[in-house]
Amino acid sequence: MSLSRAFNALIVMLIGWTTQLHASDVIASSTCVPAWQQFSGSDKLSSSIYSSIRANDGLIYLGGRDGLYRVAGGHTHSWFPNSTNPSALPSGRVKALSADNEYLWVGSNTGLSRLNTSNGVFERNDAINREMGFSPVNSLLRLGQHLYVATADGGFVLALNDGMPTLKIVSRFAQAENVSEFALYNGYVHAASENGLWRISEDLNAHKVGFEDTELVALHVLDNALWAASKTTLYQKPSYNRDWQTYTRLDIPSLPESDLTSLSSDKYKRLWIGSTKGLSRWNVKERQPIRCRRSTISSDRDKDISVGHISGHLGDYMFLGTNGNGAAFAPLTKAVRRVVPGENLNSGLPSHPIWSHALGTDGKLYAGTSSGLYRETRAGSGLFNSVAQELLGSLRIYSVLPMSDNSVWIGTSGGLFVGQNEGFSRVNMLFDNHNQPVHSSVFAIKQFGSRVLIASSHGLVVFDLASHEISSAFVTKSHLSPKLSVPTTLLSTARLWSIDVFNDRVFVAGNQGAFELDIENTVVKGSSVSTEHTEQPLGYIYNITVVEEDRVFIGTESGFVETDFMFRNQKRITDINGKKLLAVMSAGRDSNGAIWFGVAGNGLFQYKSQENAWFHLTQSKGLVTNGVSQLGLSFSQDSKMAVSNGTGASIIDLTLLNRDQQTPLTVTLFDSEKNVAIDQNEPFEIRPDARNLKLSFLVDELIEAGLYSVDYQLNSPTGNVTNATIPINEELTFVDLAPGIYRFSALVRETTGASALPLSLNFDVIPHWWETTVFKTLLAMTLLLIVVYYFYLKTKHVEQRMTIIVDERKRIARELHDTSLQDLFGLKMLGRILFEDLPPASEKQARHCGELINHAIASLRNSVNSLDTLSDVPELRLAFESLQKTIHLPDNCMLLINESGKKWTVKKQTRFFIYRIVREAVNNAAKHSASKVIKIDAAYTLTALHISVCDNGKGFNVNDNVTEKTYGLSAMQHLAEHAKLPLCVESVKGKGTLIKITVPRWLSF
């Protein structure tokens, strides 16, 4: 059941009881609210009433001295204690009520119980009440999965996770004596007690936060401020101030002259203060405490009433529970005032239809009827006098435009009249061919800068306020002309009903078309009746309104036609929110820029273009009827609007109406994991050991959750977005949240789309220490250092090993040079001596022996040179060029060296292995290939160095596995593997051999 339906039921209930009221049953009141209406004569409702609530079934429940009552549609159902019935109310004195989605929790004089509203059966838990000592319950607060219970013996917190069968007490704070009331403030539950104010922390323990040895009787939160009351003093703690402000009767003489008993507030954010001798109201928002007004409420005008309970959560009504005098309801200020001829015999209005109206600069209402013009004697009085009755009394008044110079322009069935007070005169606008004035019916008048636009049955006339002359005209008949010789254009319509001005553009509508007019040049810029632009006939047209740039609504006999400034792309709107539209009779723009439409039989519709939403105002919300006259809307500069129809007029205070449109919903985000409310303005963190977040939307307990839904969005640190829509009473769970900062935003929407409440929350999921950026950075740096150190050690080891190898090779080369090579030289010298004494027959053998010795010396010298390699290989080109000196090339063989590409430095160890491999390849080619050219190519690229050694010798078959037989190829393969360099050997018999080495650039880092 919606809140509005509940109010309607409440009104029906009040009407049903009104027939039973006596004169003494009407509670007298002063300026706080209009007349209170009292419940009486039914089921002991005339006794003390301590509490009230609207439960999950949408009905009102009252807790009283004798029992529990449910009010619905003028009927009351009662529950009374019965000791023989275990399903009956445990105790008659019901002082506390709270509701959730399933149950009504009832705090009575003997403990706690709950009512299953679906079957009317009570469920009691005597074990829990026994633990609480069967102490009287003063107040209840349902918050998440906890129920806070205020009793005469202190406060208790009950866990409701598993329902009533396993209900258990999770905290007790006995140090708080006789807890009277709870309130949720700044994310914490606060408790008022006989010995001060207590705050319940996250661990559910109570801590004293003020008012030492002060008995607090009431606690309330209003507009982010915490209010507390003792019997004699009112206290306020604003959200922006840590200090309490104190108000006594010395500060505010209008406070009740008796013990204070209760606090509440209404939807207009006014504080209501109950006492043992009446009720006061304080408009706190205006910060004018001296304007707190006192109201004596009593069925006996000579007797004050003791107020025991106040509730301002019933929307348009305040609820009052008294000590001994029952309960009462009173309506709050209304936004709509009715002006109906004949309804008030002293009003001065005749019983004729009201066709037009306007609010003057002095706030007085002008009412145009079918028999003249009437004006209020004073603003808001509802009493009228006729205006220029002799001149206007026989005319129908279609439009009224009060001007800033206190003059009034009046459009009638007999032409245009201008004047003030009683001095009015007709303005002749159009003339026929015989220069005779044509008294057109004037339907609309609108000021346009220094000009006035007048729409009539014969076209549009533009009046210049500076020159007091007609400056141009758009006429509907060719024989008509304005009074002076001014620019005139013909319009293709019978009459003009409506004018709208948007920025500097003027739009008009007549019964046969809509137009955009260029007033400066007297030109029709656009027309809905042009075959070029019109997609389909619009039918009978009543008005035209520009809702936003290049968007126009045309009111017709069957809803709207939405189009653009050029009247193309037309779309019909025949229903709004499921309500079928009849003729759109009137349209206009209020002082706040909002656009209103009056629809025959449907009342008023307000269009909010930014939200693309409609607000509907009907007779049930205060209008005289749902019918709206043609030209029946007018607006004043003081946020007032008047609506006329055939039977009367409704004067609407747009300020109050806009306030009424605001949702009464209050929502608190609740962390179900921690069981605490979330302050959206404070940092919110989730511990590393709890990566889950459970959010609940705590709503005002008098709001029916089924009427609202939540559109939420969760933005994760990685940029992922989660969107969904859930009922407002559904718990929202996020699991396994990764560390980082999240943004949660939600929009609480009414199912009708009439109101919305935004919520937002930023929370930080704290990582474990091993997930932090600092730890990951340190770990990465440590691993990097380990890798660098490993390669450093490996490089160091390789360098040491290379040093040992080079030293060993040098030692072997030195020994070969000093021993074997010297022995061979000695043998050569000895052979020369011996050869001189040999006979000629042995000379050939001796020469061959000498050649063998020379070849052995050359081979041994090459081996020594090979072993005695430089430990620090210089630039590769220089190293390659040194091979011409260290390797014995055949006489007919030539060594060529070529480099290409942009050079980059090759690491020392790598240069050593490259040099060894190339030297071995050149040495093999010189010895075995019988080639004439040996070529070394070094090609540098961005990613690698490509080295090749090729010859044009005899070649060999690579598939013969010659590496097992050839030492040189085996040595090259071994060196390449040791240096982790890819080696490729290609050879073709008779064509030569190609040896390629690829050196990746990363090996040089």
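Me: At what angle do helix H8 (residues 908-929) and helix H9 (residues 967-979) pack, and how far apart are their axes?
Reply: Two packed helices are described by the angle between their axes and the distance between the axes. Here H8 and H9 pack at an angle of about 165°, with axes 9 Å apart. Axes are lines fitted to C-alpha atoms, for helices over the stretch in contact, and angles run from 0 to 180 degrees between N-to-C directions. The angle makes H8 roughly antiparallel to H9 (under 35 degrees is roughly parallel, over 145 roughly antiparallel, 65 to 115 roughly perpendicular, the rest oblique). This is a predicted model, in which local features need pLDDT of at least 70 and side-chain atom pairs pLDDT 80 or more, while totals for chains, interfaces and linings use all residues. Residues are numbered from 1 along each chain as its sequence is written, and side-chain values use heavy atoms, without hydrogens or water.

Me: Which hand does the crossing of H8 and H9 have, left or right?
Reply: The crossing is left-handed, meaning that the near helix is turned anticlockwise from the far one by less than a right angle; clockwise would be right-handed.

Me: Which residues in H8 and H9 meet?
Reply: On the H8 side they are Phe-913, Arg-916, Ile-917, Glu-920, Ala-921 and Asn-924, and on the H9 side Gly-968, Leu-969, Ala-971, Met-972, Leu-975, Ala-976, His-978 and Ala-979 (contact: heavy atoms within 4.5 Å). These residues divide into 9 nonpolar, 3 polar and 2 charged (nonpolar: Ala, Val, Leu, Ile, Met, Phe, Trp, Tyr, Cys and Pro; charged: Asp, Glu, Lys and Arg; polar: the others, Gly among them).

Me: How many helices and strands does the protein chain have?
Reply: The chain has 9 helices and 77 strands, these being DSSP runs (H or I, at least four residues; E, at least two) numbered from the N terminus. Of its 1005 residues, 50% count as buried (buried: under 20% relative accessible area; exposed: over 50%; partly exposed: in between; 1.4 Å probe, protein chains only).

Me: How many salt bridges does the structure hold?
Reply: It holds 17, a salt bridge being a side-chain nitrogen of Lys or Arg within 4 Å of a carboxyl oxygen of Asp or Glu. In one of them, Arg-451 pairs with Glu-520, the closest N and O atoms being 2.9 Å apart. This pair links distant parts of the chain, 69 residues apart: Arg-451 is in strand E42 (residues 451-456), and Glu-520 is in the loop between strands E49 (513-518) and E50 (523-527). Arg-451 is buried at 16% relative accessibility, whereas Glu-520 is exposed at 59%.

Me: Where do Arg-691 and Glu-771 lie?
Reply: Arg-691 is in the loop between strands E66 (684-686) and E67 (693-699), and Glu-771 in the loop between strand E72 (756-765) and helix H5 (773-836), so the pair ties together parts 80 residues apart in sequence. Their side chains meet in a salt bridge, 2.2 Å from N to O. Arg-691 is buried at 16%, and Glu-771 is partly exposed at 24%.

Me: Which residue has a positive phi of about 65° although it is not a glycine?
Reply: Most residues other than glycine have a negative phi. Phe-567 has a positive phi of about 65°; it is found in the loop between strands E53 (559-563) and E54 (571-573) and is buried, with a relative accessible area of 1%. Asp-213 also has a positive phi, near 60°, and lies in the loop between strands E18 (206-210) and E19 (216-222). Asp-213 is exposed, at 64%.
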